[in-house]
Amino acid sequence: MKEIFKITVSLTAVCIVASLILGFVYAKTEHARKLNEEKIEQDTIQSLLGYGKGQTPPSDLKVYPVYRYVINSDKGETYLGYVLPLKDKKVALAEMDLSGNPVKVFPIEADLSSLSDKTTRDAAVDAVLPKGSKSVYAQTIFVADLGDKRLGYVVPGVTQGFKTFIKLMVSLNPDFTVTGVAVTYSEEDPGLGAEIQKDYFKNQFVGKTLELLKKLTVVKEPLPVDYATALDPVKAKRKGFSMEQIKEIKAKHVNDNIYALTGATISSRALTNGVVNTVKKFVYRLDKLNEAVNKDQLSIAF
């Protein structure tokens, strides 16, 4: 009995010490982890906007985050809420019903930069809502302006892949034509489904208009050799393709459907569905948001 008591005490002490060590390490690394995630996200957004490695973004490039929330009122009603930057550098929560009709605007007493932290933002949103309401963060979209002109949008999405979820980002020009796709998380099989991250596959979406996306499918046909080369900047350069040649080949194939990866049709369809659904939902929501902003006469920053 005495031995059992000793073992129990020893194991309990080990567990307590291990928990304290893990808690200390988590507290010390959590801030760095968040900063690293934010940097990766910002690098991806800038790359999708055309400012990748070696290309310094112009000083008049402004990227505004817009945070979407789902709000449940104390009466059981569901609303959407958008945290919007205003022209006077203030921030507001614009609430609308599920049909897109504006309900109410709540001023938020916080600097927009401080709201990049989810915990701070959640608290700021809950603080302005009526007592008993509950909010759940849903998504952040990014609106990019170059000077006083709209450059485009960057929209995150998620879709079911072959093994698990695939996270992605799609960039669009002001007419909702795809300008870039990035896969930000994937556990698809290396050499098969993981090829969705390669330029020769994901660049097939670039240049697709909203109308083309609505009827886009995946075909189990070989990717034309000249098209595959034009889609991959490194390969095109190695083959000696001129910019004019690349432009002509892409224009010739812009109306094509998506050519499936060999042995990875499910992953090919997964990313295609993810891109299409992300864009379609974004366009619908943006239209409703613009209607609400106009009705409320909000002076938003972008």
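## Buried and exposed sites in a predicted chain

Ala92 is buried, with a relative accessible area of 3%, and its place is in strand E3. The model described here is a predicted one. Setting aside residues up to four places away in sequence, Ala92 touches Tyr82, Val83, Leu84 and Leu86, and also Val105, Phe106, Pro107 and Ile108. A further relation spans much of the sequence: Ala92 and Ile300 are separated by 208 residues along the chain, yet their C-alpha atoms lie 9.1 Å apart in space.

### The chain as a whole

The protein chain has eight helices and 10 strands, and its C-alpha atoms fill a box of roughly 75 × 65 × 40 Å when this is taken along the principal axes. Of the 302 residues in the protein chain, 41% are buried. Among the contacts in the protein chain with a separation of 6 or more, 56% are between residues 24 or more positions apart. The accessible surface of the protein chain comes to about 17,600 Å², and carbon and sulfur atoms account for 56% of that surface. As for charge, the protein chain carries 41 positive and 35 negative side chains, with the centres of the two sets lying 3 Å apart.

### Aromatic pairs and charges over rings

With ring centres required to lie within 6.5 Å of each other, the count comes to seven aromatic pairs. One of them joins Tyr64 and Phe302, whose ring centres are 5.9 Å apart and whose planes meet at 45°, so the pair is tilted. Tyr64 belongs to strand E1 (residues 61–72) and Phe302 to the segment after helix H8 (265–296), and the pair therefore ties together parts that are 238 residues apart in sequence.

Tyr227 and Tyr259 form another aromatic pair, which is edge-to-face, with 6.4 Å from centre to centre and 75° between the planes. This pair, too, links distant parts of the chain, since Tyr227 is in helix H5 (residues 225–231) and Tyr259 is in strand E10 (residues 258–259), 32 residues apart. Tyr227 and Tyr259 are both buried. Elsewhere, Tyr153, Phe176 and Phe282 form one aromatic cluster.

### Positive phi values and loop positions

Most residues other than glycine have a negative phi. Against this background, Lys89 has a phi near 65°, a positive value in a residue other than glycine. Lys89 lies in the loop between strand E2 (78–85) and strand E3 (91–96), and this lysine is exposed, with a relative accessible area of 73%. Gln297 likewise has a positive phi, near 55°, and is a residue other than glycine. Gln297 lies in the segment after H8 and counts as exposed at 69% relative accessibility.

Thr56 has its place in the loop between helix H1 (2–48) and E1, where Thr56 counts as exposed at 70% relative accessibility. Thr56 and Gln46 are 10 residues apart in sequence, and the distance between their C-alpha atoms is 9.4 Å.

### A buried serine

Ser267 is found in helix H8 and counts as buried at 4% relative accessibility. Leaving aside neighbours within four places in sequence, Ser267 is in contact with Phe162, Glu188, Gly193 and Ile196.

The following table gathers the relative accessibility of several residues discussed above.

| Residue | Relative accessibility | Class |
|---|---|---|
| Ala92 | 3% | buried |
| Ser267 | 4% | buried |
| Gln297 | 69% | exposed |
| Thr56 | 70% | exposed |
| Lys89 | 73% | exposed |

How values were computed. Residues are numbered from 1 along each chain as its sequence is written. This is a predicted model: local features need pLDDT of at least 70, side-chain atom pairs count only at pLDDT 80 or more; totals for chains, interfaces and linings use all residues. Side-chain values use heavy atoms; hydrogens and water are left out. Rings of Phe, Tyr and Trp (its six-membered ring) pair if their centres lie within 6.5 Å; planes under 30 degrees apart count as stacked, over 60 as edge-to-face and the rest as tilted. Helices (H or I, at least four residues) and strands (E, at least two) are DSSP runs, numbered from the N terminus. Buried means under 20% relative accessible area, exposed over 50%, partly exposed in between (1.4 Å probe, protein chains only). Contact means heavy atoms within 4.5 Å. Accessible areas come from the Shrake-Rupley method with a 1.4 Å probe; for residues, only the protein chains shown count as cover. Lys and Arg count as positive and Asp and Glu as negative; His and the chain ends are not counted. The place of a charge is taken as NZ of Lys, CZ of Arg, CG of Asp or CD of Glu.
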